[in-house]
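Please walk me through this structure, beginning with the place where two of its chains touch.

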Amino acid sequence: MQDNCSIEMRNVSKTFGRIKANQDVSLKIYKGEILSLLGENGSGKTTLMNMLSGIYFPDEGQIFVNGKPASITSPKDALKQGIGMIHQHFKLVSVLSAAENVILGLDGSLMLDMKEVSRKITEICERYHFNVDPDKKVYDMSVSEKQTLEIIKVLYRDADVLILDEPTAVLTPQETERLFDVLREMRKDGKAIVIITHKLHEVMELADRVAVLRKGKFVGELMVKDTNPQEMTNMMVGRTVMLNIDRPEPVNPTERLNIQGLTVINEDGVKKLDNVSFTAMGGEILGIAGIAGSGQKELLEAVAGLQPIKSGSIIYTPENGESEDLVGKTPMQIKNAGVALAFVPEDRLGMGLVGGMGMTGNMMLRSWQKGKGMFVHRSDPTALAEEIKEKLEVMTPDINYPVRRLSGGNVQKVLVGREIATAPSVMMSAYAVRGLDINTSYTIYNLMTTQKMKGTAVIFVGEDLDVLLELCDRILVLYDGKVSGIVDGRTATKEQIGLMMTRFEGEGGEKNE
Amino acid sequence: MNTIVSLLYNAVLNGTPLMFGTMGEVLTEKSGNLNLGVEGMMYMGGAIGLAGAFYYEKMAGSAANGIVAILIALLLAFIAGAIGALIFSFITISMRANQNVTGLALTIFGTGVGQFIGEYMRTKEGGYVVVGNGLKNFFQASPFPKALQDIPVAGKLIFGHNIFVYLGIIIAVIMAIYMNRTRFGLNLRAVGESPATADAAGINVTRYKYLATVIGGGISAIGGMVYIMTIAGCVWNHEGLAGEGWLAVALVIFCLWKPISAMWGSTLFGALLIMYLRVRLPIPSEIYKILPYVVTVAVLIITSLRKKKENQPPESLGLSYFREDR
Amino acid sequence: MNKVHTPLFHLTKRTNLSRSGAWLIRLGSFLAAIIIGGLIFVLLGQNPFEAYQSIITGSLGKSVALRQTIKIAVPLLGTAIAIAPCFKMRFWNIGAEGQITAGAIGATFFALNFAGKIPSMPLLLSMGIAGALCGAFWALIPAVFKAKWGTNETLFTLMMNYIVIGFVRWLQGGPWEGKPGSQIIPNFNPDAVLPEVFRIHCGWIIVLALTIFMYVYMKYSKHGYEIAVVGESHNTAKYAGMNVAKITIRTMLLSGAICGLVGFMVASGANKTLYHNVADGVGFTAITVAWLAQLKPFVMIVISLLLAILDKGSGELQTRMGVPSSISDIITGVFLFCMLASEFFINYRIIFTKSHKKEAAK
């Protein structure tokens, strides 16, 4: 076994400001093995691996590569040691071609020989059955193509250690299967593979060994064949947790939104939504599934009045109110009518929150127009900020402390808390639990369910199909801007939704279930 | 016919300082740095280049060699601009300050340095600082034999320019090859587009940014020297460079960050700058002189209307990079 | 090859720096700038203490000098106040120079055509209004293009400077020329000149009032809140139901109007005429003032006085020690560089790495 050890991390620690991201972690990585690094969001998995890939340098501790002490101060050092990492957010230059991306940063002759590069890429593609055109620009590629390109990049550099950070987050079940086959193939070639994940079923399916991190500390490792999901969860969370989400039956569902033939064309002239029709009911959670970029963002934004609508209607019926068409109304009018949007974008602060302001300032985003005359009103937002801080346990030194400096989970609590506080009759959220730990995620799920029981129509765009299937009453599946079907959350299966995510089945719209 | 030849010839002459300014800024911006201090760096290059040639002539007396004078002026101007760009780089790359404001600060500082040196020389040398006619000729005359220059039309347009025109063309071609055909050029483009990607690929982002910005600043500053030594007649006057540096920044957008286009673009603007002298129109000359700035505005508007992927500025232009940003 | 080396230090973002700590760092950078400035004087063969002393006495020593200094500070402060909301909005308006000039043109139009025909008070009022309107109009053009098509505002506003200055040159030699061939616009009728308070034209009172207005506007008004949000993120602003285009245009109108007022004050109060260099670089130096003051209106009073002292004092330096007065630009640049760099120490912390050798050895 000793000869097989590719990398050893000994007593590694890393601190960011006041946050101890990794504390005294020791870990071994072996050749010809798939190791799964398991832990909740914020448990320090990515930070730990970033110390192998040269993004961070450990504050304390030592790294050994093939038994020799190594100092990895930059990604270049890491590549020299044969370590390649595929980051969650792809590191690709979108205006360059696939081949140009592959040779980025490599040493070699001054003048580029793109033919030779293409030849070598084709070789790798044949070896692992990839299908990538070396001359294709990255901005023309699909998510899964980009990921393949990332893997080619690492293989081109002859890496023996491959680290993948949440590689399946953006893939369909079918694409995930294909990726796993490739990884198994690489294991056969004697490469050491680390996959960072928080999805237990992936660990069970793919990995040989699992190492668990919790709050930055190493809590133990298990051989996958000797364990089960419940044991792993307990290790990950530190105590026994119930994995079930409470899903009460909808009470007296009434129609809130009736969307017919919604079509949206974006700035570049691309059709992002194509004749989308569905209804959202008060008292139920409508899940929206789909590959990233299938039109989820545009759908929510169209309802919220942030996207110009080409054609179609959005009939909104508030509780005890007259129906009205939201198309053509301003975002402010729609909001005041009771339609709330809690959109959590990839960078969290890009939309919905103002990073440089404190909680109070961010509460004002909802109420800034309410003050008398030309001045803003401060006391209500201050009270609301205090309340949310208290109720959702937001960790902040002060409600005027810039939210940019809060941790991801706390930022999200501020955002979701504020949206719920407006007591909307339609509540839309996208990626509301992205980057949250399990406990906070469940807090958010429960908040959604509470809203539902209050009679709100909840629209929940999610990434994790398991969660969607446990939380939602109905699930709408988007494919390339079209509705490929609406299924019952209680009876549908993951495979069924996965298939719908990759090909268009229905004829655009809801056919009475 | 003669008017057109003369207009073209003078367009090239007046466009040359712009060409250097633009090419330097193209290199800088390709690394993701938006250095608005071009005007300042060109001032520094102009004043220090002039000082170099002037004091060299003063020391060497009648033995002064034109080629040596040109080399001294080139080198000093380059160094002056490089120092300005180095200050900018340190503050924006290492200290991660706002690039817009730092660039403006460099403009204030650089124009100050330029004016200061100009005035200082004037007071020190008792009135007038001008390079002698012998040397002046080296800066302003064509390096080609007279026989070539005497070829009708083509002689003047191809062989009749001062040496800096040809130097500029050589630099433009080298830059184009560097950016599009070499490994380092590819890496540089990646740094400007997405420093995080470049970093993860093992490219030393800081080094590329520093080098591109400092060399770019040096090239821009040569433009200032060329302006003073050719168009302004080897003398420092109070007008300084009259906004040439800012036109260069605008030209970078016009040229879509391509060095070869910088040649055409700067010639076009050179033509606009002198048109009021060459092409009579029934409008007052003071209004006519506004033309290049109006055209620049038009160019800015037109470029903002076109949205092709390849024609966009480097994606991370103007942003500082911190690896551990989370 | 396998030698283990550790980097000497690395950086992390600061999370907990008190306000006083931040101002202490800024004070340190101010001192650093003074020292670097002193070194420049040494380099020029001057005694730095003497040089600084003559700057101080030259600008504050006599009441005449003091009044001159304040006269320089007035347009600087006014313009800094004007561009503060733009910069807060991350709209890089470097066209204050042109907006001042445009304002001066508007004021001059009334001064030349209505002086003697209407009483002084309404004349001055109409000059002020015309100045504000012209400044606002000149700022409106780039703002509209930015709002509609995202046209690069930095260069657009800058080019507008050259255009309007060229226009004044034409006025000087054309329709508004005084003595034929003089290229000079005649001095204003005394009715069109701003009255003096404490023997300084009363522009200083207007500017101080504007400072208070801007403080309240930015801190407490809805508009101020909108500007802050737009400056952080256009997406967030849209999401909150704000009309980014409208806010951009409105803020630029305000900024241009204040610049225009400054132009009116300079033409009517200080120069008593209009010429092409009426703005005299104030539009650029004011950017320095605004940024050094962290866009805080009351701090701008201090900074603009400081730069005015430097400016006026450098004039003294030239007459007394033969140092060209453009030294003030160099020192201003040094101040800016130091202040910009100091923000780094406010935002980041340098951590020196502990030695790993011991641990590796065990």
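Where chain A meets chain B, the contact takes 20 residues from chain A and 20 residues from chain B, two residues being in contact if their C-beta atoms, placed from the backbone, lie within 7 Å. On the side of chain A that touches chain B, helix α2 (residues 75–80) of chain A gives the most, with three residues; helices are DSSP runs of H or I with at least four residues, numbered from the N terminus.

This is a predicted model, in which local features need pLDDT of at least 70 and side-chain atom pairs count only at pLDDT 80 or more, while totals for chains, interfaces and linings use all residues. Residues are numbered from 1 along each chain as its sequence is written, and chains are lettered from A and ligands numbered from 1 in the order in which they are written. For the complex, the predictor gives an ipTM of 0.88 and a pTM of 0.85.

Chain B contains 15 helices and zero strands, a strand being a DSSP run of E with at least two residues. Its radius of gyration, taken over C-alpha atoms, is 20 Å, close to the 20 Å that the globule rule gives for 326 residues, so chain B is as compact as a globular protein of that length; the rule is 2.2 Å times the number of residues to the power 0.38. The C-alpha trace of chain B spans about 60 × 45 × 40 Å along its principal axes.

Chain C averages a pLDDT of 86, with 93% of the residues scoring at least 70, where pLDDT is the predictor's confidence in each residue, from 0 to 100.
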